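Subject: Structure handover, pockets

Hello,

Here is the structure I promised to pass on.

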Amino acid sequence: RQYYLYIPDSIQPEAPLVFVFHGYTSSASIIMNYSGFNDIAEENGFAVCYPQGTTDQYDNAFFNVGYAFQNNPTVDDVGFIVALANYLQNTYQLSVENTFATGFSNGGDMCYMLACQASSTFRAVAPVAGLIMEDIYNSCSPENAIPIFETHGTADNTSLYEGDPFNDDGWGVYLDIPSTIDFFVNQNNLTDLTFSELPDLDPNDGSIIESYTYS
């Protein structure tokens, strides 16, 4: 298995570690360049790791969250990622307490899998256009309360905001975003909701951004 690791020259001992996961058919180098996380790491003093997925029967790179069309591959990405996190923490004196994950699409799906199955390693996850597969949801029992920061477009036509309860698109059954957030709200015993609408910086792009914060 391969990965890219970026460590700012000015990094301090026990600095945070952030994992960034690429989408289906993408790569570690593409998400590294696309996300701009190296610059963010430089500005804020943390290390950032970009793992590379394996390839499926169609020769496409992926992280194994159990897509229906992949004939149940046996790749243990949770095991690989947790082992890699432990290795990087020990080798580079990075924080065990402040290790986090984000990712796009399939990489966002991987974040939800880590939230369910590796909450003792990852203290918060931030999926972008991510979703939780039904099989992962049905067995989801985090060891620790884990914050979730989901960013999702309601018009996303690949990772559907409204979910896919009948596997119409062939990825497998997955939950809608409101139900996914409700699950973690209940898991974390959250009671308060704050709503805000972010400033509409581009009135011509046909979109607004709504923020729902549970605490």
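Helix H4 (106-117) and helix H5 (134-138) each give at least two residues to the lining of the second largest pocket. H5 makes the largest contribution there, with three residues. Keep in mind that this is a predicted model.

The volume of this second largest pocket is about 180 Å³. Its lining has 13 residues. Closest to the centre are Val65, Gly66, Met133, Asp135 and Ile136. By class, the lining splits into six nonpolar, five polar and two charged residues.

Now the largest pocket. It holds about 940 Å³ of space. The lining runs to 28 residues. Which of them are closest to the centre? They are Glu150, Thr151, Glu210, Ser211 and Tyr212.

Two elements give two or more residues each to this lining: helix H6 (177-187) and strand S9 (210-214). H6 provides the largest share, six residues. The lining of the largest pocket counts 17 nonpolar, eight polar and three charged residues.

- Largest pocket: about 940 Å³, with H6 as the source of the largest share of the lining.
- Second largest pocket: about 180 Å³, with H5 as the source of the largest share of the lining.

Over to you.

Best wishes

How values were computed. Residues are numbered from 1 along each chain as its sequence is written. This is a predicted model: local features need pLDDT of at least 70, side-chain atom pairs count only at pLDDT 80 or more; totals for chains, interfaces and linings use all residues. Side-chain values use heavy atoms; hydrogens and water are left out. On a 1 Å grid over the protein atoms alone, a cavity is a set of points where a 1.4 Å probe fits but cannot get out, and a pocket is an open set with protein on both sides within 12 Å along at least five of seven lines; lining residues have an atom within 4 Å of a point. Grid points are joined across faces, edges and corners, and a volume is the space filled by probe spheres set on the points. Helices (H or I, at least four residues) and strands (E, at least two) are DSSP runs, numbered from the N terminus. Ala, Val, Leu, Ile, Met, Phe, Trp, Tyr, Cys and Pro count as nonpolar, Asp, Glu, Lys and Arg as charged, and the others, Gly among them, as polar.
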